[in-house]
Amino acid sequence: MFASFHVPVVVAHKETRRYRILKKQIVYGITLFLLLPAHVQAQSLQFSDVLRAAIGQSPDLQASALQVKMHQAEGMQVDGALDMRYGGSVGLSNEAAPTTSPFAPTETNAAFVSGQIVQPFADGSTLTGTLKYNRTGLIYPSSVIPAFQSSPNPLYQHQIDLIYRYPLAAGSGNPSYTYQKEASTGDEKAAVLRIALLQEQIATQAIALYAQFVLNDLSVKLSQDAVLRAKQLLSNQKKRENFGLVEKEDRYQTEALLAARKLQLAQAKAGEQAAQTALNRLMVQDADTPLSVTFSSPEVQLRSVAELLEQAEKKRPVFKVLDAQYQAAQSRLDLAKSAGDYQLDVVGQIGTRALDGSGGTAFFNGFNPINDRYIGVSLEFSDVLGKRANQAAVQKSLLALESITIERRKARQDLETEVAKLVDTLRSSQITLRASQAQVQAEKKKYRSQVARYQKGRAPISVIIQFEGDLRAAELRYLIQKVNLGVTNYQLALAIGELDALTHQQGASQ
């Protein structure tokens with residue numbers, strides 16, 4: 001988009017004063033037009049926008065989300081302990097061995113097929129099914145008459161068994177699965193809550209960088225006002241100097257004041273650019289992206305420190321993470337304790353034993369438990385003397401629980417200290433801000449009054465410069481106090497777990 005300017009032609013050998021002024025205005029207008037798009041394109045952000053962008057683009061949060069998925073995979077792995085396992089085998093064999101008996105076979109040919117299915121249950125019991133089908137053929141020397149050979153030959157065997165094992169002591173209730181599942185669930189919950197912890201860390205950075213940008217942005221505006229005051233004072237002084245009312249030494253003092261204010265403006269702009277770069281990088285966008293902010297802070301309802309602490313313990317993710325870790329550690333302790341129990345299993349077995357010279361007959365008789373059956377019940381016992389490995393595992397789990405308890409106590413103590421300091425700072429900052437605002441108004445009246453006296457020749461320029469410095473110092477103190485009050489509000493909201501709700505409420509209201 002281009003703009004066209006029509007400039008009237010002035011025919012003269014020398015530029016008139018009016019023409020020079022007109023030319024300067026045109027150049028200024030073109031410059032302003034060219035610079036205007038950069039200001040229009042600047043992103044206007046509230047703190048909620050900064051926080052949302054920083055959290056949405058954080059690679060650390062993306063890595064933490066992968067940790068959650070890893071814990072979910074571990075939970076699926078634990079569930080795999082209840083999956084059915086099955087297998088089978090098939091084979092052929094030939095055995096030829098010397099023998100001392102003239103009636104013994106000299107060679108044995110065998111073929112077999114076998115399979116097994118094992119189904120574990122959540123109560124710790126297991127059901128096992130096995131199937132074996134064999135064919136055995138014996139080869140005798142030619143000197144052995146058929147009457148002395150084994151009959152039938154070849155021989156077919158078919159065996160089916162169902163075995164049910166139920167633990168009465170160790171393994172009862174399947175603690176290996178139950179407690180590992182509980183520990184896995186606690187680990188996954190802690191991993192999810194660590195994302196909220198990381199978001200709190202990002203919020204802490206966002207508060208600091210957002211406040212720094214706001215402070216530098218307001219400092220630029222404050223410095224621009226100070227430059228304008230110095231320019232107005234110098235312009236007034238030049239007029240008075242032309243009439244011989246003041247000496248040039250007075251003008252030198254004002255020029256020095258203007259130079260100092262321009263230096264402060266340049267420093268404020270450099271600080272604003274640095275703060276803009278840091279804020280852009282926090283939001284993972286180009287460092288030179290123009291930004292503008294609308295500064296406001298949430299109003300935290302002040303209550304007693306005890307009430308704020310009680311709320312923080314319910315909402316802050318650090319305590320929820322520790323609770324989830326404690327749950328996982330308790331499950332691992334229960335698992336370690338259960339591993340030290342002695343083993344006492346009751347085993348029930350029922351099956352068939354078919355044997356025949358016909359492959360088909362042997363196979364089908366294997367499914368008939370009336371004539372060719374096997375039934376048995378047994379008790380199996382085992383234990384470990386000393387149990388030092390188990391005692392060490394229990395001790396390690398107890399220490400892990402104690403460590404989490406200490407960490408939680410420390411987290412609460414640190415939070416209590418932080419909240420108490422922030423409450424005191426917030427109360428004192430509110431009082432200081434009102435006093436600082438009153439001082440700014442008083443300094444403005446003092447400065448304007450002294451300027452009026454100076455214009456009447458009743459005050460020296462040195463007093464004007466001193467009062468202008470007092471005004472700028474008061475404005476700067478008020479500016480810093482205002483930003484610090486906002487930062488304290490954000491920090492207290494974060495400390496008690498209200499930052500997310502307050503920033504959303506603040507964004508909706510605006």
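Mentor: Two strands count as paired if DSSP finds at least two bridges between them, and helices (H or I, at least four residues) and strands (E, at least two) are DSSP runs numbered from the N terminus. The model we will discuss is predicted, so local features need pLDDT of at least 70, side-chain atom pairs count only at pLDDT 80 or more, and totals for chains, interfaces and linings use all residues. Residues are numbered from 1 along each chain as its sequence is written, and side-chain values use heavy atoms, with hydrogens and water left out.

Trainee: Thanks! In the hairpin of β3 and β4, which residue takes a positive phi?

Mentor: Strand β3 covers residues 107-120, and β4 covers residues 126-139. The two pair in the antiparallel sense over 14 bridges, with F112 opposite N134 in β4. Between the strands lie 5 residues, and the one with a positive phi, near 100°, is G124.

Trainee: On the other side of that story, what stands opposite V90 in β3?

Mentor: Strand β2 (residues 85-96) pairs with β3 in the antiparallel sense, over 12 bridges. Within this pairing, the β3 residue opposite V90 is V113.

Trainee: And how many bridges join β5 to β7?

Mentor: Let's walk there from β4, which is joined by 11 antiparallel bridges to β5 (residues 155-167); there R135 has Y156 as its bridge partner. Strand β5 also runs antiparallel to β7 (residues 343-356), and Y164 stands opposite G348 in β7. The number of bridges joining β5 to β7 is 12.

Trainee: Is I375 buried or exposed?

Mentor: I375 is found in strand β8 (residues 373-382). Apart from neighbours within four places in sequence, I375 is in contact (heavy atoms within 4.5 Å) with Q349 and I350. Its C-alpha also lies 7.8 Å from that of G348, 27 residues away in sequence. Buried means under 20% relative accessible area, exposed over 50%, partly exposed in between (1.4 Å probe, protein chains only), so I375, at 61%, counts as exposed.

Trainee: How far apart in space are S358 and P154, C-alpha to C-alpha?

Mentor: S358 sits in the loop between β7 and α8 (359-365), and with a relative accessible area of 31% S358 is partly exposed. In sequence, S358 and P154 are 204 residues apart. In space, their C-alpha atoms are separated by 8.4 Å.

Trainee: What share of contacts in the protein chain between residues at least 6 apart in sequence join residues at least 24 apart?

Mentor: The protein chain has 510 residues, and buried ones make up 33% of them. For contacts between residues at least 6 apart in sequence, the share joining residues at least 24 apart is 79%.

Trainee: Why is the pair of Y210 and Y490 called edge-to-face?

Mentor: Rings of Phe, Tyr and Trp (its six-membered ring) pair if their centres lie within 6.5 Å; planes under 30 degrees apart count as stacked, over 60 as edge-to-face and the rest as tilted. The structure holds 8 aromatic pairs. In this one the ring centres are 6.3 Å apart, and the pair is edge-to-face because the planes of Y210 and Y490 meet at 90°.

Trainee: Which helix holds Y490?

Mentor: This pair links distant parts of the chain, 280 residues apart, with Y210 in helix α4 (residues 175-242). Y210 is buried, at 1% relative accessible area, and Y490 is buried too, at 2%. The helix of Y490, residues 461-495, is α10.

Trainee: Last one: how many residues of the largest nonpolar core come from α4?

Mentor: A nonpolar core is a set of buried Ala, Val, Leu, Ile, Met, Phe, Trp, Tyr and Cys residues joined through side-chain atoms within 4.5 Å. The largest has 56 residues, and F47, V419, L492 and L499 have the most contacts inside it. Helix α4 gives the largest share of this core, and its residues there number 12.
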